[in-house]
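Here is a brief report on selected residues of a predicted model. Please look over the sequence and structure first.

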Amino acid sequence: MRVVRRTSVLIAGALVASGIAMLPAQAGETSDPTTLAVEGTVRAVVVDRFGAEASSDHLYTVVTDAGAEIPVDLPEATPANGRFEGELVVDGDVEDALDAKDLLPREGSTIAQDTRAGRVAVAEAERQDTPLEVATSTVAPVTAAAVTTPKAHRAYVAVMTGRGSVEETDTQVASIVDGLMSYWKTESGGVISSFTRPRGIERFATSTAGPVSDSCGMASDPDEVWNEAANIFFQKYGVSFGRGSGNHLFVAMANECAGVLATDAGVAGVAAVGSDFSSEGPMSFSLGDIATQVGVHEIGHTFGLGHANLDVCGAPTVCGDGEYFDLYSPMSLAISLGSAVTSPVLDTAYRARLGVAGTSEVARLAAADSSPSRTVSLTARSAANGLRGLQVVDPISGQQYWVDYRSGTDRDAGSFYASRFGLGTTTYQLRYPTGVTVTSLSPSGELVLQTQRSAGGALGSFASGSQFVSPTGAVRIGVGAVSGPTAEVTVAFAPPAAPAPPVPSRLSPATPRISGTVKVGRTLRVKVGSWSPRPTFRYQWFANGRKISSKGTKASFRLTSKQKGQRITVRVTGTRAGYATVSKTSRRTTKVAPR
């Protein structure tokens, strides 16, 4: 199967209605394109870059009911494993293949998937190297509860050689993998009944991976390498990696693939996105001193988890658009301190998402409770037992907040935040002290850390005497005495009889970023970043400061000869009921190169 790199963007005008994401047509299509009607399941692969400019890409395919895998161009918010029904634009090699067999219908027609023309189109779409554009589609997310039936998992480990220098011995690689399996077995609370490594480490000199300077090809087609490695275990041991098998494929790669020799930020890890602790799948991780953090992170994707982000980043040079920068979570950035850094324990929000946060572990607080406020003694999230989390519901917005106490002890003792280091420059410091953290989940299911502004930067937690106030003002989470293993937390709700407090007049925006090759004929896309609360977005592209009127109002823009030699920017405007409209403009690109 081929999947093609697709930078994560949110398409303008995406609607969410009754749990179904309605995805509009993409920029660059003809007015009446010929389309291919397709039904199937969305498969997503996440590509994680932890270099100087941390960012992620998503590679999407639609797996048809007959098993065909078609690379498609879908927005970031598309739910992995969701049910896809839609029409794909027929062009390029697919159009040529139909024309060669005299099966190409008139322009504007829709080809049914189960016809002869449909079968030819699907077969060619699987072979081509670029994703098909989506003319129109619906993707229904998976709504079933997380599976919590105990299940045995097994890891089969291969080390890719021939790209960079692998210095680790098989014994060292095995030790790393054993640590990854132990971490997730513990976090599952028994849902992973066992996580074992039945076979030894297999090394293979890859014949399919790209050069080190291109992240060993893992950014564009990881399936080539995964298929190469999987075939080794099938040929030698008869091991298959089908759905429900409980078999995971781990491919370790030289740390040069993560950017040591690359001019751009390299790929630290890649994983196919699953749904819960019953999932299995392939993942790759770079070796070196961040191998354990990266491996834990990628397996988290296998189990259906997204990233851990900031609500807003006040300095893009420090934390980009906020993606990955909730460093209290294993689903954050991997950071080297020159010595071993371990992943912190899993957050309350993600434990609830996976169905393993029991009532003795997490208390749910809502305004409907008899008292307008409640004080609890919260045990450290890293402790083995006790009340370790709160779920708080805003009575006005319905937003859920998750409260943890991060003490930097027990299983968090070796984490980055426990080191008391921060990130930043002389003018902006992002610090992660021990204390009480408040997180929420974005509409796409990613963790969002609610930061506290401070002089010259921001804090990731709340200390004794400080409090978090929700945007509606209806929820206040105050921190009292913090003493060793416990923290006193008071949750107060606005009195039921009181009028709703005024909504803040301004959204918390992020600076958009442009991705893609700045060249005539190529498509640029915008990454909006983390806005709080999440608004509806509008887009406007500019060339040398002049508005691009034709097809310049979508989340992607295909460059034409009109833009040659000009610098491109995009303005993202966020709107949400009750909030003032906010616009943010990206940095300028380099000059558009000729075709």
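A492 sits in strand 28, which spans residues 486-493. Strands here are DSSP E runs of at least two residues, and helices are H or I runs of at least four, both numbered from the N terminus. The C-alpha atom of A492 lies 5.8 Å from that of P372, although 120 residues separate the two along the chain. Beyond its neighbours within four places in sequence, A492 is in contact (heavy atoms within 4.5 Å) with P372, S373, A474, V475 and R476.

The model is predicted: local features need pLDDT of at least 70, side-chain atom pairs need pLDDT 80 or more, and totals for chains, interfaces and linings use all residues. Numbering runs from 1 along each chain as its sequence is written, and side-chain values use heavy atoms, without hydrogens and water.

E202 belongs to strand 11, residues 202-205. With neighbours within four places in sequence set aside, E202 is in contact with V157, A158, V159, I232, F233, K236 and Y237.

E95 is in helix 1, residues 92-100. A negative surface patch includes E95, together with D91, D93, D96, D99, D102 and E107. Patch residues have over 30% relative accessible area and no salt bridge, with like charges joined within 9 Å and nonpolar side chains (Val, Leu, Ile, Met, Phe, Trp, Tyr) within 5 Å. A salt bridge places a Lys or Arg side-chain nitrogen within 4 Å of an Asp or Glu carboxyl oxygen.

Exposure is classed as buried (under 20% relative accessible area), exposed (over 50%) or partly exposed (in between), using a 1.4 Å probe and protein chains only.

| Residue | Relative accessible area | Class |
|---|---|---|
| E95 | 32% | partly exposed |
| E202 | 11% | buried |
| A492 | 23% | partly exposed |

Key: Accessible areas come from the Shrake-Rupley method with a 1.4 Å probe; for residues, only the protein chains shown count as cover. Lys and Arg count as positive and Asp and Glu as negative; His and the chain ends are not counted. The place of a charge is taken as NZ of Lys, CZ of Arg, CG of Asp or CD of Glu.
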